Amino acid sequence: MSTLALAFDLGGTELRGALVERGGEVVARVSEPTMAEAGSEAVIGRIIALANKLLDDHPQAKVLGIGACAPGPLDPKAGIVIGPPTLSGWHNVPMIDILSRQFGLPVRLENDANAAALGEWRYGAGRGSESLVFVTVSTGIGGGVIADGHIYHGRRGLAAEIGHMTITGEGDRCFCGNVGCFEAVASGTALGRRATRLTAPGDGSQLRRLSSNGDVSARHVVEAARMGDAVARDLVEAEAHWLGIGFTNLLHLYSPEVIVMGGGLSNGFDLLAPGIRATINERAMQAYRDVPVVPAELGDRAGLVGAASLILWEGEPGTALSMVQDQETGDGASGPAGARAG
Ligand SMILES: [Zn+2]
């Protein structure tokens, strides 16, 4: 079996683990509810159990290390999950320390949006580019920036919090406390909220029929727009306009070769694309208008394969792979075996 990395994507609701090959292929995958409220020790206990299960199920696997991603804020260099709002009870948890001691393997950590950006850049829709912006549009808006062949971290790894750039002076308050954040006006949540306000239970609208007269979600809007519903089409048009404004800012700031859009709302990418393009053509300066905006390719495995690439990607400084290759070309010794916890 080829060289592999163990990968973990620690989300607020779901904990995913995988064995990933050098080419980004997911060989095996497991997941379970995070149950974050049980606290960091319990969750890390389950990460360790999942890792042992993956290793036990694949005894031939030559595992080089562990790549993990988790919600920010986190410090990728120190390997510390600082205290994400979606993981209650997590406060300065030294993930790299804990996992490397447990498994005797190199461990790398990255925030989940950056890991997904790495995944799409190395194995997905952004393959071959030098600079890329990845935007995930679902409950919130997050993203990662690849600039000149490197993930852009900024001070304390806090760069590219693109969901909280201010793009208007009005509207609903963002959970961060501000008004007019990109996320507050253009996330799937915001789209669903607009649709819910425009309609009423029992009004006979397509949107309320799809939602069984409950709150309307972004998914319902996309579905109704596909059925030709006029209200939904207007909502999609307005959504595309807001996304286009945000993307125009990203073009001007980072000058990527491509913008990759992922997240739940990318299900409606084909419907949104014309409006996004029209807004960019209207607002971006001439030199930026030919940059393609494309849908993500990796779906919910982007974070896993991106995290794995922290271990496996040739040229990534300090990866387990490069250390093994140095050893192999140096003294002919083989790399670290897939050590495991008992
Ligand atoms: Zn905000």
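What arrangement do the four donor atoms around the zinc ion make? In this predicted model, the angles that these donor atoms subtend run from 104 to 123°, so the arrangement is tetrahedral. For four tetrahedral donors, the ideal angle at a metal is 109.5 degrees.

A closer look at the site shows who takes part. The zinc ion is held by one histidine, His164, through its ND1 atom, and by the SG atoms of Cys174, Cys176 and Cys181, at 2.0 to 2.3 Å. Along the chain, these donor residues follow the spacing H-x9-C-x1-C-x4-C. Two of the cysteines can be compared by their accessibility. Cysteine 174 has a relative accessibility of 6% and therefore counts as buried, whereas cysteine 176, with a relative accessible area of 38%, is partly exposed.

Another cysteine, at position 69, is buried, because its relative accessible area is 1% and the cut-off for buried is under 20%.

A further stop for a reader new to this structure is serine 211. This residue lies in the loop that links helix H6, spanning 206–210, with helix H7, spanning 218–226. Serine 211 counts as buried, as its relative accessibility is 10%. Which residues does serine 211 contact, leaving aside its neighbours within four places in sequence? With those neighbours set aside, serine 211 is in contact with Val216 and His220.

Definitions and conventions. Residues are numbered from 1 along each chain as its sequence is written. This is a predicted model: local features need pLDDT of at least 70, side-chain atom pairs count only at pLDDT 80 or more; totals for chains, interfaces and linings use all residues. Side-chain values use heavy atoms; hydrogens and water are left out. Donors are N, O and S atoms within 2.8 Å of the metal (3.2 Å for Na, K and Ca); water is not among the atoms, so sites may look incomplete. Four donors count as tetrahedral if all angles lie between 85 and 135 degrees; four count as square planar and six as octahedral if opposite donors are over 155 degrees apart and all others between 65 and 115; anything else is irregular. Buried means under 20% relative accessible area, exposed over 50%, partly exposed in between (1.4 Å probe, protein chains only). Helices (H or I, at least four residues) and strands (E, at least two) are DSSP runs, numbered from the N terminus. Contact means heavy atoms within 4.5 Å.
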